[in-house]
Amino acid sequence: MKEMSPVVRTVTKIAFGFILIFGLYIIIHGHLTPGGGFQGGAIIGTLMALYLVAFGATKWRKKIYSIIESSGLLIFIVTGLIGLVAGSFFFNFIGGTGSPVFGQELNTGEMIEGVWFPSNTAPLLSAGTIPIMNMAVGLEVIAGLTLIVVTMGLFAFAGKEGDE
Amino acid sequence: MMSEIPYIAVVALIGIGLYIVMFKRNLIKLAMGITLIETGANLFLITLAYRSGDRLSAPVMTSQIMGGGAPAYSLPTPHALTLTSIVIGVATTALLLAFFMQLYKKFKVSSVDEMRRLRG
Amino acid sequence: MSFYDDLIANAPALIVAIPLLFAFATPLVSKINKGLRNVWAFLAVLLSGALMYVLAWEIFKDGGDLASVYVFGGDNAEVFNVLENVRITFYVDGMAAFMGLIMATVAFGAIIYSFSFVKKYSGQDKYYTLLLLMLAANFGMVFTGDLFNLFVWFEVSSVAICGLIAFRTNRGESFEGAAKYLIYSTIAGLLLLFAIGLLYGEYGHLNIKYLSSAIGAGGSMLMIDRIALGILVTVFALKAGAVPMHMATPDGYSEAPAPITAMMVTASQAGLYAMFRSTFTLYGGNIQNAVEQLDLLHAAGYLLVILGVLSMFVGVTLALVQKDIKRLMAYHAISQTGYMLLGVGVGLAVYAQGGNNDFAEFGRTAMAGGIFHIFNHALYKGLLFLTAGAIIYKAGTRDLNKMGGLGRDMKMTALFFIIGALAIAGVPPANGFASKFLIYESVFRFNPVIGAVAMLVSLLTLASFVKVFYSAFMGPKNPDMKVGEVPKTMLIGMAVLAGMILVFSFLPSLVLSEIVDPAVTALAGPGPAIDFNLTLFSGQGGWNALVFLVVFIVMFILGYLLRLVLGNKGTTPKNEGAKPYLFGNPTEIGGVPIVVSGSNVYWGFIRALKRYYRPMEKMHSGLINEYVFWFMGTIGLVMLALMVLI
């Protein structure tokens, strides 16, 4: 694939950081605001597609993305199985215990004598295994969508198989 | 009446999608038709989450919504169902387009009329 | 609690989680070593299969009326209250454990077979990953107690199967078969999602046990309930491969590699399981209160009977004209699905009549026959597809006209093929006869014409397998074919399934009382106890396979002794009577011999029925648009029938 003009390439290099931070923000805050693993991963997958179109490519490192995808999936299912040991499958064994790794309680405010005092304390480090699973799924979706997009994009020129 | 309009849109989307799959010959149009049916089904699922009232919003846990009385948000279960369905749709569409690309590469097929090697 | 009790309590989740875990790790393992990947995949199937057998033993132990319930993410895996809890649950009762046993057995045979079948292909790590994903999705579909979870496993199963159909990327037709199967399954899945959305919007919960007590609780069936039942039954009939929604099934079955086709049969039967679950359990919870629900189930029973008869007849008549060996077997899979639909449909129609004792007389036998036929069909159809794979492995072609003479070298494969062909045709003493015997006797009480059609279909089944045997194994050796028997692991895979067939053939009553009857109880309520006896009793007669075998051996010995005593006279050739002939015509015209190739053996029969066969061949045109049109037409008719006529 041929690369595009210098204007496109420069803007892509500038936008890379912003889009990456935005996608990671959506993945990590998935248990509080709309978003989560798949949505943030799809944004970063689009970033990879932008890179492919702007810079063109003839060969790429398929192996590293395959490893990332498999490790993301493995973290997901192993978290579920650890929950099995602690209670039942996918049991949220961290949530509500107060540990600093995503275990704190969600606190949205308190009612003192009929007046509501809002506060958003410790919202990111709460909800137990849910952010861990969000990040695992996000990792997997980034790698998976990159594999799909780049394989389809290089398909007409390299002649490899198009099956996932 | 105003709350019935999404359901009319659902019927229209699924109807147009089925018409495309049943009567159009180009392969890419078939993929678009399937995407339309999928969009219609997702719209149907997310419309079921509607609850009428004031100060309602999406099921997000911030202090604006959880504060001062009973938390007021729309039903969260259909949101989860719709997300799952969108993810499944992405996987299916990617696989289908990969098959069409391979068929074009091997047989120069771009219409359903030529994709008839398995019949009888 | 001891480790064993913990294991049993968590077993439904582990049986689905173990193939998933091993599938996700397979790409990493295969980068280390190739042999390790094969061992890894085999370990996954072995562990989950062994756990499935242990769970099934626990459930079937004391008459089979206890069920294992598992709540995901709950505080305690055992205690929950369904009306207040909105978590996803797995509900494993007799019928679900029965289907799980089938899937574990066939997967075990298929993966041993795969080790040497796909050895020369590239992309093997993707093959094993998708095979384990397919196994997890099959287990998930039969264990789940939540409607949306059923949809998710349905779609995972479709995507994994279509990825595997297109495994041979050097042939372009694989992609065509995979694309058609995927389009068909996706549209069905989306309509299923629509029906699930309808039920959720009306009742607010997705749990099957909750919905079974809520549908019809008011005493009447709403229009939404009827529409949802129509869509559910038709979509699951599409997954099972019933006529007239069968169009993409032969395409998918014929292009997949042989062990995958054997597992696709079990995936289709998971669709049958979902259909029975949605009619008996989901819509059958309030039968005592609502008369309209009884009428609706009665109509659904007749609908299943009509679908069954159509499937049986169209499947087997179209199989007689096929030239491709796997397409022929796929049409037979459609035809045998008709038997299962017929048996359970008769059971449902009689169950929902309410008030008289017909169900206790022959309805239960019909249901037991249909459900027993599910297990038998998975075993012998899996064996037949594996032997077809062995034939294709040696012959290099799938065309019946081009192969021949393989029987001289492949003796073990020919023996397995004979066992499978006798079983599918329902010839005693094979296990196919035991389940068909139950279906014949009870369906004859229901309607004699349908019983006669069922027997005719068996006859045509035997005819088409004689044709396949003649084409593939008999005749002079063809110099194009490779010599020698197939590799050992393929033989071991086939032997696993053949061994189960032999066990089922000679002990059918054991299977009926221990495994099938708890499944029928789970669907239709408790009935009279059946205890183990060497004779299989239906309502009106009995069948004992060991007596048949003893009589057969005695007669064979008598015949051999007669031949020794009387001598071998033979025939003396006279002039015109010694020449071979073909349907009254000479076999040579001007010195050139006339050869009837393998797939045209029944040319006279087909030519005589050309008024039936010409429109049929036009209907199966190969255009995907027409496939979808038939599907939508059937949904329209079914919904019309359920809404207006009842």
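Predicted model: local features only at pLDDT ≥ 70, side-chain atom pairs only at ≥ 80, totals over all residues.
When contacts between residues at least 6 apart in the sequence of chain A are considered, 65% of them join residues at least 24 apart.

Chain C contains 23 helices and eight strands. Its C-alpha atoms fill a box of roughly 90 × 65 × 55 Å along the principal axes. Buried residues make up 57% of the 646 residues of chain C, and of its contacts with a separation of 6 or more, 80% are accounted for by residues 24 or more positions apart.

Helix H9 of chain C, formed by residues 223–240, reaches 26 Å from its first C-alpha to its last, which is close to the 26 Å expected for its 18 residues at 1.5 Å a residue. H9(C) is mostly covered, with 15 of its 18 residues buried, and just after this helix C:Gly241 takes a positive phi of about 90°. Helix H20 of chain C, residues 545–566, has 22 residues and reaches 31 Å, close to the expected 32 Å. The number of buried residues among the 22 of H20(C) is one, so this helix lies largely in the open. H20(C) is followed by C:Gly567, whose phi is also positive, with a value near 85°.

Helix H7 of chain C, residues 172–203, includes C:Glu202, and C:Leu182 lies in helix H7 as well. C:Glu202 has 15 other C-beta atoms within 10 Å and is therefore partly exposed, whereas C:Leu182 counts as buried because it has 24 C-beta neighbours inside 10 Å. The C-alpha atoms of C:Glu202 and C:Leu222, which are 20 residues apart along the chain, are separated by 9.8 Å. In the case of C:Leu182 and C:Ile161, 21 residues apart in sequence, the distance from C-alpha to C-alpha is 8.7 Å.

Among the strands of chain C, S1 (residues 68–71) and S2 are joined by four bridges and run antiparallel. One of the residues concerned is C:Tyr70, whose bridge partner in S2(C) is C:Phe90. In a regular strand, the side chains alternate between the two faces of the sheet. Strand S2 of chain C, residues 89–92, is covered on both faces, with C:Thr89 and C:Tyr91 buried on one side and C:Phe90 and C:Val92 buried on the other.

The largest nonpolar core has 290 residues, of which B:Phe99, C:Met134, C:Leu164 and C:Ile501 touch the most other members. Helix H14 of chain C, residues 358–395, gives the most to this core, with 19 residues. When residues up to four places away in sequence are left out, C:Leu164 touches C:Tyr127, C:Leu130, C:Leu131, C:Met134, C:Ala256 and C:Ile260.

Between chains B and C, 33 residues of chain B are in contact with 35 residues of chain C. On the side of chain B that touches chain C, the elements giving two or more residues are helix H1 (5–23), helix H2 (27–47) and helix H4 (77–107) of chain B. H4(B) gives the most to this side, with 14 residues. The residues on this side of chain B divide into 23 nonpolar, five polar and five charged. With residues up to four places away in sequence not counted, C:Leu182 touches residues of both chains, namely B:Thr92, B:Leu95, B:Leu96 and B:Phe99 together with C:Ser158 and C:Cys162.

Methods
Residues numbered from 1 in each chain as written. Chains lettered and ligands numbered in written order. Contact = placed C-beta atoms within 7 Å. Nonpolar A, V, L, I, M, F, W, Y, C, P; charged D, E, K, R; others polar. Buried ≥ 20, exposed ≤ 12 C-beta atoms within 10 Å, placed from the backbone. Expected span 1.5 Å × (residues − 1). Core = buried A, V, L, I, M, F, W, Y, C linked by C-beta atoms within 7 Å. Pairing = 2+ DSSP bridges.
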